[in-house]
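Please open the coordinates in your viewer and keep the selection panel within reach.

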Number of protein chains: 2
Amino acid sequence: MIRVESLNDLWQARESLDEPVAIVPTMGFLHEGHLSLVRAAKKRATSVVVSIFVNPTQFNQETDLEVYPRDVERDLALLENEGVDLVWIPTNEVMYPPGFQTWVEVGEIANPLEGEKRPGHFKGVATVVSKLFTAVQPQIAFFGQKDAQQVAVIKQMTRDLNFPIEIVAVPIARENDGLAMSSRNVNLNPEERDASVVLYQALQAAKIAYDGGERNGDALRLLMKEIISAQPLASIDYMSCADPSNLQELEVIASEALISLAIYIGKTRLIDNLILEK
Amino acid sequence: MIRVESLNDLWQARESLDEPVAIVPTMGFLHEGHLSLVRAAKKRATSVVVSIFVNPTQFNQETDLEVYPRDVERDLALLENEGVDLVWIPTNEVMYPPGFQTWVEVGEIANPLEGEKRPGHFKGVATVVSKLFTAVQPQIAFFGQKDAQQVAVIKQMTRDLNFPIEIVAVPIARENDGLAMSSRNVNLNPEERDASVVLYQALQAAKIAYDGGERNGDALRLLMKEIISAQPLASIDYMSCADPSNLQELEVIASEALISLAIYIGKTRLIDNLILEK
């Protein structure tokens, strides 16, 4: 496994990779969710590149960036074990050198939900993912479905900017009790960890109601709200029942819906989602 | 010479090209200036791709877009004659399909001069050039030095977004009387055509003063203003004596300067520039 930091070293190493090349962009502190992306990439591509970069421009709160967990040596061991070909760990100076001033911005699909609650977040995401794509020139890229709006934004950006790259969303990896795996889970204390299962419980309750015939968006949002509100450590950032194609809230579900949540458990903000299919 | 319109046809044709691949982005209605870019590209690259696209998003005035001259059949004959390998002529729908919503924006270097006088112009330029770069994946790209700020903006964008592409600026091609070649020159009536030499005359006067020891920015701008003002058909949009590295106006020229002009001759807006070197 090759490990590089600079763009020139990346480009030199990239030349030695057999195509198709897959990229798995990460912010490090890898868990089973990331490894499921790597395994999906290994199945589809001849060479797999993993990037590890805690991208400062997508954090809208300084404190969130500061407490974001890191453990590069552990990450490298995990990736080596998965048979990854190339790991790119750029510094902030490599990604945002002095004088940096170019931004990629996606429109309407980046506005609601995470875009509304985390101003500037998707501008940072779209810019850094564009940079990863142009630098690595992969044929296929893997993202976790946990960040459902991020997947939608990146698909839109990929299409709009003509990247000849297939975007694959990999299903959410979950703990035994249903909590979606996230690097942020490590910031939960034991009591908060127990409480955090409420996100999955709320989504499951909505799914059961949907499977039972409920098609009213407000009814599903209210149902999730009641479940979250019953958990004293949880506070709601948003709850959504939206059209997956444009992320606009639905009054009535005609075909399918993305139900998604952002919930604070103590000071830790967690997100989760589920697709309701016809 | 292969001619393609759709992205899929482009990508299929791109695979058959031997690298290094050069791109020469144009808006068509080709003149000797464009052909000098093609010849420079032929010298440096194994395969040459020319794009022809009158990009609507970089026109800040509807009328300017409407009167922009076009003659694709003539362009194709000229490019065939130069030995171009691939011509990509996308439609507006190929470049900006329904739902398009992603923009590339460059910061400070895009703000003065053309950026100030043509709001949104460089947002359109940066976006479309990004799309050309991602779609064609060239190793080297050729632009005319006549659009000096455009070259600076694209170099900045290329560096900031990690495009592994060398940007080459080709010297301005001029008519016998010094007028910089431009597709817009065709919009000049004979009287205006005679008057349009005033841009080159103003730049030359500034260069003569500079070569004679003048280092004061205001003095050079005033000198150019006097020459332009003496031409009744000319009206000044801007006149600049700026630091080539950031396009900020200079009080005193320490090492080098970019002197540039945007002048209306009748209703036609012309630009020209010259580098003053140490």
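Predicted model: local features only at pLDDT ≥ 70, side-chain atom pairs only at ≥ 80, totals over all residues.

**Stop 1: the domains of chain A**

Begin by colouring residues 2-170 of chain A as domain 1 and residues 183-273 as domain 2, which is how the chain is divided. Between them, 14 residues of domain 1 of chain A are in contact with 14 residues of domain 2 of chain A. On the domain 1 side of this contact, select helix α8 (residues 148-160) of chain A, which gives the most to that side, with three residues. Coloured by class, the side of domain 1 of chain A that touches domain 2 of chain A shows nine nonpolar, two polar and three charged residues.

**Stop 2: a helix pair in chain A**

Next select helix α10 (residues 198-211) and helix α11 (residues 217-229) of chain A, which pack at an angle of about 145° with their axes 9 Å apart. The crossing of α10(A) and α11(A) is right-handed. Which residues of α10(A) and α11(A) meet here? From α10(A), show A:Val198, A:Gln201, A:Ala202, A:Ala205, A:Ala206, A:Ala209 and A:Tyr210, and from α11(A), show A:Leu220, A:Leu223, A:Met224, A:Ile227 and A:Ile228. By class, the contact of α10(A) with α11(A) holds 11 nonpolar residues and one polar residue, with no charged residue.

**Stop 3: a sheet in chain B**

Move to chain B and display β8, β9 and β10, three strands that form an open sheet in that order with antiparallel pairing. Strands β8 (234-242) and β10 (268-276) of chain B stand at the edges with a single partner strand each, so one side of each has no neighbour in the sheet. From one strand to the next, the twist averages 10°. Zooming in on β8(B) and strand β9 (residues 257-265) of chain B, you will find that eight bridges join these antiparallel strands, and that B:Met239 stands opposite B:Leu261 in β9(B).

Helix α10 (residues 198-211) of chain B lies across β8, β9 and β10 of chain B and runs at about 20° to β10(B), while helix α11 (residues 217-229) of chain B lies across β8 and β9 of chain B and runs at about 160° to β8(B).

**Stop 4: where chain B touches chain A**

For the last stop, show both chains and select the contact between them, in which 23 residues of chain B are in contact with 23 residues of chain A. On the chain B side, the elements that give two or more residues are α1 (7-15), β5 (102-106), α7 (121-136) and α8 (148-160), and the largest share, five residues, comes from β5(B). That side of chain B has 12 nonpolar, seven polar and four charged residues.

Look closely at strand β5 (residues 102-106) of chain A, which pairs with β5(B) in the antiparallel sense over five bridges; A:Trp103 has B:Glu105 as its bridge partner in β5(B).

How are the two chains related? A rotation of 180° with 0.0 Å of shift along its axis superposes chain B on chain A, with an RMSD of 0.0 Å, and that is the relation of a two-fold axis. To find this axis from chain B, select B:Val104, whose C-alpha is the nearest to it in that chain, at 2.3 Å. Finally, 100% of the interface residues of chain B are also interface residues in chain A, so the copies meet through the same surface.

How values were computed. Residues numbered from 1 in each chain as written. Chains lettered and ligands numbered in written order. Domains from an automatic or database assignment. Contact = placed C-beta atoms within 7 Å. Helix = DSSP H or I, 4+ residues; strand = E, 2+ residues; numbered from the N terminus. Nonpolar A, V, L, I, M, F, W, Y, C, P; charged D, E, K, R; others polar. Axes fitted to C-alpha atoms, helices over the stretch in contact; angles between N-to-C directions. Left-handed = near helix turned anticlockwise from the far one by under 90°. Pairing = 2+ DSSP bridges. Least-squares fit on C-alpha atoms with pLDDT ≥ 70 in both.
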